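I opened my notebook to get to know a new structure. Here is what I looked up, entry by entry.

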Amino acid sequence: MGTGMTKRKHGAHVKNKKYKRKTWLCNRAKDTDQIQDEIEKSVETGKAITFAYDDELPGGGQFYCVETGKHFIDADSLARHKKTKYYKKRCKELKEEKYTQATAEWASGMTKELLPPAHGKK
């Protein structure tokens with residue numbers, strides 16, 4: 001009674017914090033400001049965002065969605081992706097103005113007003 005191996009419950013890793021922290025970052029999508037930077041750079045240089053053939057990327061890296069930052073295995077799956085709610089929502093987010101440090105300072109109440117000198121000029 002109790003001498004054998006104990007069996008873990010199905011889905012036991014769901015409650016494990018270390019597992020969550022380990023797997024969260026590898027599945028994370030690119031942030032909108034990173035994608036906006038990539039789009040700005042491609043507009044400045046006049047070149048589209050392309051990848052050289054790479055066996056490790058899905059579809060050899062040839063079918064890439066710029067708006068979501070994901071690779072797809074073929075053109076059909078990329079076309080189906082562009083009809084999804086996730087893609088349309090991401091496009092809407094990218095149209096918004098880029099969040100900058102100046103915006104953050106304004107939102108927190110930090111102002112950059114010029115005050116007159118405390119003691120007048122002599």
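Predicted model: local features only at pLDDT ≥ 70, side-chain atom pairs only at ≥ 80, totals over all residues.

**Entry: aromatic rings**

I looked for aromatic pairs and the count came to 1, with rings of Phe, Tyr and Trp (its six-membered ring) pairing if their centres lie within 6.5 Å. Phenylalanine 51 sits in the loop between H2 and strand E1 (63-65), and tyrosine 64 in strand E1 itself, so the pair ties together parts that are 13 residues apart in sequence. Buried means under 20% relative accessible area, exposed over 50%, and partly exposed in between, using a 1.4 Å probe and protein chains only.

**Entry: ground rules**

Residues are numbered from 1 along each chain as its sequence is written, and side-chain values use heavy atoms, with hydrogens and water left out.

**Entry: the whole chain**

I found 5 helices and 2 strands, in the order α-α-β-β-α-α-α along the sequence. These are DSSP runs numbered from the N terminus: helices (H or I) of at least four residues, strands (E) of at least two. Of the 122 residues in the chain, 15% are buried.

**Entry: two helices crossing**

How do H2 and H4 cross? The axes of helix H2 (residues 32-45) and helix H4 (residues 85-95) come within 10 Å and cross at roughly 70 degrees. Axes here are lines fitted to C-alpha atoms, for helices over the stretch in contact, with angles from 0 to 180 degrees between N-to-C directions. H2 and H4 are therefore roughly perpendicular (65 to 115 degrees; under 35 is roughly parallel, over 145 roughly antiparallel, the rest oblique). From H2, the contact (heavy atoms within 4.5 Å) uses Thr32, Ile35, Gln36 and Ile39, and from H4 Arg90, Glu93 and Leu94.

**Entry: histidine 81**

I ended at histidine 81, which lies in helix H3 (residues 75-81). Histidine 81 counts as buried, with 9% relative accessibility. Leaving aside neighbours within four places in sequence, histidine 81 touches Cys65, Thr68, Phe72, Tyr86 and Tyr87.

Terms used: Phe/Tyr/Trp six-rings, centres within 6.5 Å; stacked < 30°, edge-to-face > 60°.
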